[in-house]
Amino acid sequence: MKIIQAIAQYCMNCRLCEINCMVAHSSSRDIITAFRAERERLTSRVTVEQSGPRTFPVQCRFCQDAPCAVACMTGAITQDPATGWVAHDPDKCVGCWMCVMVCPNGAMARDVGGHVTSKCDLCAALDQPACVAGCPNGALVLAERDEVENA
């Protein structure tokens, strides 16, 4: 299974990964329309964390033993044992935030528009995740899990 690898030393804090993610998950899929009409409801599934001058993009790592899926009491988060894919069904989510508390990567977040959790879906409808495609410095790379250190 492919996952997104973040290369911290290449991240320049431009936050284009966040913007591209929000636009890719907007209704319009258009940056101008999304930010003019949908901005209040847009949630990025990748977050750039900062500590001093250092920045690091954080998104779901699709853990092999996903604690979020284990902690989810409603079955809103599930993991396919064959592929490792961690899926989120917002219709089943009750906003208990257990997944947020147990995520070892800090990748689960509250959806801005509601009372549910939001997580990376690797832009399943696209050929390449929007954050990876839009990263000008190559700080985000789509790679096979076994190629990524500490995956």
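Where does Thr43 lie? Thr43 is placed in the loop between H2 and S2, where helices (H or I, at least four residues) and strands (E, at least two) are DSSP runs, numbered from the N terminus. The model is predicted, and local features need pLDDT of at least 70, side-chain atom pairs count only at pLDDT 80 or more, and totals for chains, interfaces and linings use all residues. Residues are numbered from 1 along each chain as its sequence is written, and side-chain values use heavy atoms, with hydrogens and water left out.

With a relative accessible area of 6%, Thr43 is buried; the word buried means under 20% relative accessible area, exposed means over 50%, and partly exposed covers the range in between (1.4 Å probe, protein chains only). The side chain of Thr43 is joined to that of Asp111 by a polar contact of 3.2 Å. A polar contact is a pair of N or O atoms within 3.5 Å; within protein, one must be able to donate a hydrogen and the other to accept it, and residues adjacent in sequence count only if both atoms are side-chain atoms. When neighbours within four places in sequence are left aside, Thr43 is in contact (heavy atoms within 4.5 Å) with Met22, Arg110, Asp111, Val112, Gly113 and Ser118.

Helix H1 spans residues 16-24, and Cys17, Glu18, Cys21, Met22, Val23 and Ala24 are buried in it. The cover over these buried residues of H1 includes helix H2 (31-37), strand S2 (47-51), strand S3 (54-58), helix H5 (130-133) and strand S8 (140-144).

The structure holds 1 salt bridge, a term that stands for a side-chain nitrogen of Lys or Arg within 4 Å of a carboxyl oxygen of Asp or Glu. The salt bridge is formed by Glu18 with Arg15, and their closest N and O atoms are 3.1 Å apart. Glu18 counts as buried because its relative accessible area is 13%, whereas Arg15, at 29% relative accessibility, counts as partly exposed.

Strands S2 and S3 run antiparallel and are joined by 5 bridges; two strands pair if DSSP finds at least two bridges between them. Within this pairing, Glu49 has Phe56 in S3 as its bridge partner, and Gln50 stands opposite Thr55 in S3. The hairpin has 2 residues between the strands, and Gly52 takes a positive phi near 65° there.

Most residues other than glycine have a negative phi. Asn13 has a positive phi near 60° and is found in the loop between strand S1 (2-6) and H1. Leu122, with a positive phi near 55°, has its place in the loop between strand S7 (117-118) and H5. Asn13 counts as partly exposed at 26% relative accessibility, while Leu122, at 10%, counts as buried.

Ile4 lies in strand S1 and is buried, with a relative accessible area of 1%. Leaving aside its neighbours within four places in sequence, Ile4 has contacts that include Gln59, Arg61, Cys120, Leu122, Pro129 and Cys131. In the segment after S8, Asp146 is exposed, with a relative accessible area of 71%.

The following table gives C-alpha distances for residue pairs that are separated along the chain.

| Pair | Separation in sequence | C-alpha to C-alpha distance |
|---|---|---|
| Ala71 and Met101 | 30 residues | 9.1 Å |
| Ile4 and Ala139 | 135 residues | 9.8 Å |
| Asp146 and Lys2 | 144 residues | 8.8 Å |

Ala71 lies in helix H3 (residues 67-71) and, with neighbours within four places in sequence left aside, is in contact with Met98 and Val102. Val102 has its place in helix H4 (residues 98-102) and is partly exposed, with a relative accessible area of 30%. Met98, Met101 and Val102 make a nonpolar surface patch of about 250 Å². Patches are made of residues with over 30% relative accessible area and no salt bridge, like charges being joined within 9 Å and nonpolar side chains (Val, Leu, Ile, Met, Phe, Trp, Tyr) within 5 Å. Accessible areas come from the Shrake-Rupley method with a 1.4 Å probe, and for residues only the protein chains shown count as cover.
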